[in-house]
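Subject: Structure handover

Hi,

Here is the structure for you to look over. My notes follow below it.

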Amino acid sequence: MHATPHEDSGVARRSRCSETSLADHETSAATEEEVDLIPEIRDEDDGLSKEFVTVIRTALEDDDVDLLRAATEDLHEADLGDLIEALPADDQGKLVRSLGADFDFTALTELDETVRVRILEDLPPEQVARGVSELDSDDAVYILEDLDEPDKTAILNEMPFPERVQLQRSLDYPEDSAGRRMQTDFIAVPPFWTVGQTIDYLRDADELPDEFYEIFVVDPTFRLLGTVSLSHLMRAKRPTKISELTDETRNLVEVTDDQEEVAHLFERYNLVSAAVVDDAERLVGVMTIDDIVDVIREEADEDFKLMAGVGDEEVSDSIVSSVRSRFPWLVVNLGTAILASLVIGLFDATIEQMVALAVLMPIVASMGGNAATQTMTIAVRALATRELDIYNARRLIGRETVVGFVNGVLFALIIGLVAGLWFANAQLGGVIAAAMLVNLLVAGVSGILIPIGLDKLEVDPAVASGVFVTTVTDVVGFFAFLGFAAWWFGLG
């Protein structure tokens, strides 16, 4: 929000708790008996109550709008989001339409993308525009950004011009950038104001952000000069100039910065909020800790899914969408499996002469794959959290190599003894023990080097590491075991 009251900033807006909500006019037209019969939304295990969902579904079937309003008017947006996802697809949009102006659009930020987009496409643009206009700017952008351009344009066209321009500007920033995640609701004042003027302004202004942690100080061109924390502001005398309290802003965020980089900045310097500036260093928004918590959750969720090869799949996705998401990675895994089979094919004569090799060789490959996955998980997480850098990479590589060797020795002794007793052949036990040692050592080294190498090549290690690591351990495991067997027993 601009500092001077006569300027039309278009930055700060009223929250959903506005005078337009029908729930503020009266409790509900539902009878007291109906209200008393509404069960708690959560059961004893803190799960969604089946009884509550049943009441909502019954009210939807009966078109009992008054009961729907009475049952949902006090729900937190997270609970309302859980309720929507618990309903059948046809009832989800119907609930939103039935509640009308009483529906809290913030609940849509709690939904899977598939569910959210389906509901928005099912609603008239004017209802979406009215609901979105009552949200914080970052929530409004989050809701609109996944829609197709025609749907997005239809909604924006229903909004007042200042809000439409503001949201369009945020939507024009790159995906996953600070510009998409920032709030454009903030308070900025000139340096020549006094503490008394600033406090009076904060008390008298009608449109202020719901929550804020600091005041931004700007020049006439809106270039950021610094910040004043609320604690300093409230402790200072009224005649004190804002310029005397202004702290230099050291942790600026640019609108094009990746949201993951911003999250690391908050983590490193224990920030609660950070100013967002454009190329000319003009203040355009603010990132707050609640935004960053969402970013951290999204990035962790994304990395976890990528490591499993399921892309951005959600639990609400359709069968076709899930197949489309998983198929490419399964094709890649099929290729690596064929490569491993080709290695086995090189020793087909060896296997024919000693069937026990076919029984034991999956053990070597499986142990190598599991050990490599452990190392790879540590490496990918360290890279994602910036804990792994050029200063400690050598130490971590050395540690994982030693860990791989020690585990190799221990499991070589175990599997060697088991195989020797199982097939009454001590020499076979020695062969598989040697192969196990080699493969677990290679697993430790590849599990750390492959993610680091991919990161240096600017390839996301969360996406590609699993395929390469699995291929290496399978090929090395099969080749080492069958190769040692052919050499030791003179087979093939």
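V355 sits in the loop between α18 (348-353) and α19 (356-384). Bear in mind throughout that this is a predicted model. V355 counts as exposed, because its relative accessibility is 60% and the cut-off for exposed is over 50%.

**Nonpolar patch**

V355 belongs to a nonpolar surface patch. Which helix gives the largest share of the patch? Helix α20 (residues 393-422) does, with 10 residues.

**The chain overall**

The protein chain has 22 helices and six strands. Of its 492 residues, 47% are buried. Its accessible surface comes to about 25200 Å². Carbon and sulfur atoms hold 56% of that surface. Take the contacts in the chain with a separation of 6 or more: 68% of them are between residues 24 or more positions apart.

**Helix packing**

Helix α3 (residues 65-72) packs with helix α5 (residues 89-99) at an angle of about 95°. Their axes are 9 Å apart. That makes α3 roughly perpendicular to α5. On the α3 side, the residues in contact are V65, L68, R69 and T72. They meet L95, S98 and L99 in α5.

Helix α7 (residues 125-132) has Q127, V128, A129, G131 and V132 buried. The cover over these buried residues includes α5, α6 (113-122), α8 (137-144), α9 (149-156) and α10.

**Salt bridges**

The count comes to 14 salt bridges.

- R57 and D91: the closest N and O atoms are 4.0 Å apart. The pair links distant parts of the chain, with R57 in helix α2 (residues 50-61) and D91 in helix α5, 34 residues apart. R57 is partly exposed, with a relative accessible area of 36%. D91 counts as buried at 15% relative accessibility.
- K152 and E149: their side chains meet in a salt bridge, 3.2 Å from N to O. Both lie in helix α9, three residues apart, about one turn of the helix. K152 counts as buried, at 8% relative accessibility.
- R223 and E281: the closest N and O atoms are 3.2 Å apart. R223 is in the loop between β2 (214-218) and β3 (224-229), and E281 is in the loop between β5 (273-277) and β6 (283-288), so the pair ties together parts 58 residues apart in sequence. R223 counts as partly exposed at 34% relative accessibility. E281 counts as partly exposed at 39%.

There is also a network: salt bridges that share partners join R42, D79 and D82.

D176 is not a glycine, yet has a positive phi of about 65°. D176 is in the loop between α10 (161-171) and α11 (178-181). D176 is partly exposed, with a relative accessible area of 28%.

E458 is not a glycine either, and has a positive phi of about 60°. E458 lies in the loop between α21 (426-456) and α22 (461-489). At 77% relative accessibility, E458 counts as exposed.

F489 is found in helix α22. F489 counts as partly exposed, at 21% relative accessibility. Which residues does F489 contact, leaving aside neighbours within four places in sequence? They are M354, N425, Q427, L428 and V431. F489 and Q427 are 62 residues apart in sequence, but 8.7 Å apart in space, C-alpha to C-alpha.

Best wishes

Conventions
Residues are numbered from 1 along each chain as its sequence is written. This is a predicted model: local features need pLDDT of at least 70, side-chain atom pairs count only at pLDDT 80 or more; totals for chains, interfaces and linings use all residues. Side-chain values use heavy atoms; hydrogens and water are left out. Patches are made of residues with over 30% relative accessible area and no salt bridge: like charges are joined within 9 Å, nonpolar side chains (Val, Leu, Ile, Met, Phe, Trp, Tyr) within 5 Å. Accessible areas come from the Shrake-Rupley method with a 1.4 Å probe; for residues, only the protein chains shown count as cover. Helices (H or I, at least four residues) and strands (E, at least two) are DSSP runs, numbered from the N terminus. Buried means under 20% relative accessible area, exposed over 50%, partly exposed in between (1.4 Å probe, protein chains only). Axes are lines fitted to C-alpha atoms, for helices over the stretch in contact, and angles run from 0 to 180 degrees between N-to-C directions. Angles under 35 degrees count as roughly parallel, over 145 as roughly antiparallel, 65 to 115 as roughly perpendicular and the rest as oblique. Contact means heavy atoms within 4.5 Å.
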